Amino acid sequence: MKVAKFGGSSVASAQMLRKVASIIQDDPDRRVIVVSAPGKRYPEDTKVTDLLIKLCNTYLNGSAYEKEIDMVVERFKEITTELGLAEDILQEIRKDIHTVINSNYEKELKIDAFKAVGEDSLAKLLSVYLQSLGMEATYLNPKDAGIIVSDEPGSAQILDESFDHLYKLHDRQEIVVIPGFFGYTKEGKLMTFPRGGSDISGSIVAAGVKADLYENFTDVDSVYCVNPNIVDNPREITALTYKEMRELSYAGFSVFHDEALIPAFKASIPVCIKNTNNPHGLGTMIVSEKYTMQNPVVGIASDKGFLSLYVSKYLMNRELGFGRRLLNILEDEHISFEHTPSGIDDMSVIIRESQFPEEKEARVLQRIKEELDADMVSIERGLALVMIVGEGMNSTVGIAKKATEAFAEVNVNLEMINQGSSEVAMMFGIKSSGLETSVRALYKAFFAED
């Protein structure tokens, strides 16, 4: 049994939905389908979810919103017209939007309900289209599927009891189409997952039905070992472990949000990333274990938008609780951190700049100086993180040497080096201006000769 998830680019138009239907028809094992809302048809296009967010904001601001409703319905009308479907589904979509508008939900719940209309409408439309092609298919709402989540609007987490409910889908013979991105609390409130929500839904459903394979269809043939916007025609990765994929997606790989695969990982379900436009391609397999290749580095990830909070105090290593008190200050200020490399008398905290707006800077630095009696406190913005990833690196001599030589060759200074405790990744902090040059140098060092 396979669970197939189709992302926004895969369901953006009638042309793409024809491909999706063909993929489903091609393999009778694809019995559970999870879908996103229609994405962009071309680079300047607007995603349906963004249209719904605009509609929501217009409504909440007290302005006339019928034009925004028409824009959403028009996107679906274009699809139904080209596929030759009856307009009943369009009336249902419009009705669903008005149901949200007329509901007595509090603001945060109403925002989630507006955003969920995209996935929900596409799932209904796809099931009707599959039926029109003679397939036995049905739409299934996440509540009826048993996707029970925590009461956290916009950041819902799956509850363990969901997996027992979902397993009942395993014995259904028809094709079940489930909208991704949202679930329901025990009290029946609709809640959306965080960023990458439809991928999370697909992973949850695959774990729940104990699928033999979770296929994630997107618009690329496979995962590349480096960002193709930085390196031309980079090497494709045929196999990754969950740990490698999580490290890569955390550090800038856009195929998956870094939390999306956790349910599949816990259930040891293999994942295959495939291209809707090339469904017979090999894709990239993500598995629990794989053979170590001659080159232990599988990928190079990078991301901008970081800062380093540097704190120095003589004999810091003898002061019990120093690190805890430093992080408590950040917690008090609602600032989450990414990494904490440290020395004997100093400690750095790597933070995403979006988490630490400049208006908080003076207050936080003053608190650290006064409450921790620090000798020196400073902040360096404009940093980028570059990460080389591979499970075989910890048993291979010379990886760090090869990487640092690559940085040196292009005259990029290293602000930080951190070998993660997972031993799957090695991280380098550099100035953002040197990011692309460094990535190309690392690619040349680890892949050009391979």
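## One face of helix α12

Let's start with the residues of α12 that are tucked away: V364, L365, R367, I368 and L372 are its buried ones. Look down the axis of α12 and these buried residues fall within an arc of 160°, so they line one face of the helix. Keep in mind that this is a predicted model.

An α-helix has 3.6 residues a turn, so residues three or four places apart point the same way.

## What lies on each side

What do the buried residues of α12 pack against? Their partners are β13 (299-312), α11 (322-332) and β15 (376-389).

## Checking the length of α12

Helix α12 covers residues 361-372, which makes 12 residues. At 1.5 Å a residue it should span 16 Å, and because its end C-alpha atoms are 16 Å apart, the two agree. Just past the end of α12 comes D373, with a positive phi of about 55°.

## How α1 and α5 cross

Now for a pair of helices. Two packed helices are described by the angle between their axes and the distance between the axes. Here, α1 (residues 14-26) packs with α5 (residues 107-132) at an angle of about 60°, and their axes are 11 Å apart. The two helices are therefore oblique to each other.

The crossing of α1 past α5 is right-handed. On the α1 side, the contact is made by L17, R18, V20, A21 and I24; α5 brings in L122, L125, L126, Y129 and L130.

Note on methods
Residues numbered from 1 in each chain as written. Predicted model: local features only at pLDDT ≥ 70, side-chain atom pairs only at ≥ 80, totals over all residues. Heavy atoms only, no water. Helix = DSSP H or I, 4+ residues; strand = E, 2+ residues; numbered from the N terminus. Expected span 1.5 Å × (residues − 1). Buried < 20%, exposed > 50% of the residue type's maximum accessible area, 1.4 Å probe, protein only. Arc of directions from axis to C-beta. Contact = heavy atoms within 4.5 Å. Axes fitted to C-alpha atoms, helices over the stretch in contact; angles between N-to-C directions. Parallel < 35°, antiparallel > 145°, perpendicular 65-115°, else oblique. Left-handed = near helix turned anticlockwise from the far one by under 90°.
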